[in-house]
Amino acid sequence: MNKKIYLSMCNKNKCSGSVHVVEQGDTLYSIAQKYHTRVRILLDLNPFVDIYHLQPGDEICIPTDNEKELGGFHPYIIKKKESIGEILENLSISFEELSHINKVLYEMEVPVGTILLIPSGRDSGQKEK
């Protein structure tokens, strides 16, 4: 029994672009050139790809045209009543990483009267405005 089992490098359910099936002789660089994208973008979309051992039959997620234009990022539209916490959990990303990319999060206003819990020993930071 000499049957090969191929593992998918990408999650087809989360791949918003197309899926490329690796052929003999393919490299990540040649795949990137074929689809007019960058190797870094392919690596971002396929975090489990082994760039040194691509095998025929491996599947790699290819970015959509929008992702190519945004340099490896894709837009995410916040749904009604969706919290930042839910977004962080669904996308498996930290607030620090998300806010570093999306500066608007630093500028978002918290509704007046919201109570935040601050660890003991920290200055309350409340200044008169």
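I began with the rule for patches, which are made of residues with over 30% relative accessible area and no salt bridge, joining like charges within 9 Å and nonpolar side chains (Val, Leu, Ile, Met, Phe, Trp, Tyr) within 5 Å; a salt bridge here is a side-chain nitrogen of Lys or Arg within 4 Å of a carboxyl oxygen of Asp or Glu. Accessible areas come from the Shrake-Rupley method with a 1.4 Å probe, and for residues only the protein chains shown count as cover.

I kept in mind that this is a predicted model, in which local features need pLDDT of at least 70 and side-chain atom pairs count only at pLDDT 80 or more, while totals for chains, interfaces and linings use all residues. Residues are numbered from 1 along each chain as its sequence is written, and side-chain values use heavy atoms, with hydrogens and water left out.

Surface: I found a nonpolar patch of about 260 Å² made by Tyr76, Ile78 and Leu91. Leu91 lies in helix α4 (residues 84–91), where helices (H or I, at least four residues) and strands (E, at least two) are DSSP runs numbered from the N terminus.

Strands: I saw that β1 (residues 18–21) and β2 pair in the antiparallel sense over four bridges, pairing being called when DSSP finds at least two bridges between two strands. Ser18 stands opposite Ile62 in β2.

Whole chain: I noted six helices and two strands, which run β-α-α-β-α-α-α-α from the N terminus on.
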